[in-house]
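Work through the exercises below with the sequence and the 3D view at hand. Try each task before you read its solution.

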Amino acid sequence: MANEIAVTTAGRVHVVGIPQVQRTLNAAEAIVAGAPVRIVPSSTGAAKFTNANASGTLTTETVSGEAQLYGIATRSVPAGQAVTAIRKGKMSGWTFEQGYGEPVWLSDTDARLSTVAGTVNILVGHIVPTTANVRGDSEDKILEIDITGIPV
Amino acid sequence: MAVMMGLLNQLDLYDQRVLDIPTAEIETALALNLEEHNRALNLTLDFFCRRTTNAQERFKTPVNARLQGGDENSRADPVKGLNQYTVGYPLRIARHAWGATDIALERMTVLDLRIEVETALMADINWMSDHVLAALFWNNTTSPWTWADPMYGDISVYGAADGGTTTYLKRNVGMATDDHVNGFTSITTANIKTVADDLREHPQNSGEVVVFFPTASVGTVEGLTEFIPVSDPNLNYGTVTTTLRNFPAGMPGTIFGYVEGAKAYVAEWPSVPDNYLIGMMTGGARPLALREDPIASLRGYREVAERKDTPWYERHYRRLAGFGGSNRVGWYVAITNNATYSKPTGLDASLMI
């Protein structure tokens, strides 16, 4: 769909350097690498990661808080397996059409990132350049994740 | 793959886990490869640069003097035999790292480690090569570029002689301005001769002229009427075929011939951007200076740190270095498809990190 940011190779994203904040939880449902995930607050799947999206309203009490983004999943897992999500750090593996420094948002589409803010404006991070490229190549774009979970 | 040292070059060990080999042997192999990398790279750098720890200095040459005729009562007037101009150099910091998780480290084989080390060494070669080229290709036009040095303030960094007011010693002429930055619309024997003559006319340059071309220009140079190829050891030449027998060594690229009319060797150096050339002489004062830190442990390409924050692990490398023009008539650069010179894309010394 328009505005959605795709993972370049399905199932492959990379953590760049040592993340500042991360958490590893069981997956309540199938999660793909690079997907934004939230923690299920209660009842079925509680305390597990599940896919997040920005289409719901942000509440702290009900499971309709689909926009309570925790972090970005580092690998693809089926339900029942552990997955680590990065809340603050750097990751690579998406094809970014936007320019360096531009924001990346939680999409209204489940488990997707977006170039535009969703119904609930949850900022995932910004696209930053790396400088490890050889002469003549454009700087790679990686995602600097800094999730507060607070709508902007 | 590059030639590595020690156990990183032992094919029979490639499938072996790194952690099954004593740590001391691994660290020795890593240190050995870094040491050899620095040694080999320094040999190439010595062709372009002399080393300094100064941020700024004066490049000194003699002046063109002549004996003062006299008689038994005469006394010569002292001559100030010194010409000098100020040059300056940046000192940049650059780093490389590779990382792994604790599980990836457990699984790491000697081949995996070799690949990480080779990548780290290649990163240094590419960075140093880019900055040498940027220093060579800088065109002052009316001013040098400014390096904001954290210790010494603003430093002016110069390229080759650019037709400005600085004077240089020329044989049979004396002190004169000069321009070693040019635009040619094509590669011809006459243009190569211009490069060679402009280098040879300065007494601080010596040895043989070598003109470096990118791979894309080799065919054009080989097509020049006065081109003499290097002898191919796999061939027997006829009595009427002229080939090159002796040529200098110890420089980057590969010498592929000689242009007789210019009395210049020609070398293919893939790092030279398309449609450019670099002319230098094999002896005399080196064109550039490589500035390094006065503290010995901050010189060279070094492995400096590990970061461990389980499950994450990183290994870090560091280089402090900077390049600037020193013997500003010691090299010649030209664009070869335009009458007006412009710096190659991506090699603006003032904009590169």
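## Exercise 1: The interface

The area buried between chain B and chain A is about 850 Å², and carbon and sulfur atoms give 60% of it. Buried area is the accessible area (1.4 Å probe) that two parts lose on being put together, summed over both. This is a predicted model: local features need pLDDT of at least 70, side-chain atom pairs count only at pLDDT 80 or more, and totals for chains, interfaces and linings use all residues. Residues are numbered from 1 along each chain as its sequence is written, chains are lettered from A and ligands numbered from 1 in the order in which they are written, and side-chain values use heavy atoms, with hydrogens and water left out.

**Task.** Find which residues of chain B lose the most area to chain A, and find the salt bridge across the interface.

**Solution.** 
- Step 1. Count the contacts: 13 residues of chain B touch eight residues of chain A. Contact means heavy atoms within 4.5 Å.
- Step 2. Apply the salt-bridge rule: a side-chain nitrogen of Lys or Arg within 4 Å of a carboxyl oxygen of Asp or Glu. The rule finds one salt bridge across the interface of chain B and chain A.
- Step 3. Name the partners. Asp130(B) pairs with Arg135(A), and their closest N and O atoms are 2.8 Å apart.

## Exercise 2: Chain B as a whole

**Task.** Describe the make-up of chain B: how many helices and strands does chain B have?

**Solution.** 
- Step 1. Chain B has five helices and 18 strands. Helices (H or I, at least four residues) and strands (E, at least two) are DSSP runs, numbered from the N terminus.
- Step 2. Take the dimensions. The C-alpha trace of chain B spans about 85 × 60 × 45 Å along its principal axes.
- Step 3. Check burial. Of the 353 residues in chain B, 48% are buried. Buried means under 20% relative accessible area, exposed over 50%, partly exposed in between (1.4 Å probe, protein chains only).
- Step 4. Look at sequence distance. Take the contacts in chain B between residues at least 6 apart in sequence: 74% of them join residues at least 24 apart.
- Step 5. Count charges. Chain B carries 30 positive and 41 negative side chains. Lys and Arg count as positive and Asp and Glu as negative; His and the chain ends are not counted. The centres of the two sets lie 7 Å apart, with each charge placed at NZ of Lys, CZ of Arg, CG of Asp or CD of Glu.

## Exercise 3: Salt bridges inside the chains

**Task.** Over all chains the rule counts 21 salt bridges. For three of them, say where the partners lie.

**Solution.** 
- Step 1. Start in chain A. Lys88(A) and Asp146(A) form a salt bridge at 3.9 Å, N to O. Lys88(A) is in strand β6 (residues 82-92) of chain A and Asp146(A) in strand β11 (residues 141-146) of chain A, so the pair ties together parts 58 residues apart in sequence.
- Step 2. Move to chain B. Arg315(B) and Glu27(B) meet at 2.6 Å, N to O. Arg315(B) sits in strand β17 (residues 312-325) of chain B and Glu27(B) in helix α1 (residues 23-48) of chain B, so this pair ties together parts 288 residues apart in sequence.
- Step 3. Compare burial. Arg315(B) is buried at 7% relative accessibility. Glu27(B) is partly exposed at 33%.
- Step 4. Take a pair within one helix. Arg200(B) and Asp197(B) form a salt bridge at 3.6 Å, N to O. They are three residues apart in helix α4 (residues 189-200) of chain B, so about one helical turn separates them.
- Step 5. Look for a network. Salt bridges that share partners join Glu27(B), Glu303(B), Glu306(B) and Arg315(B).
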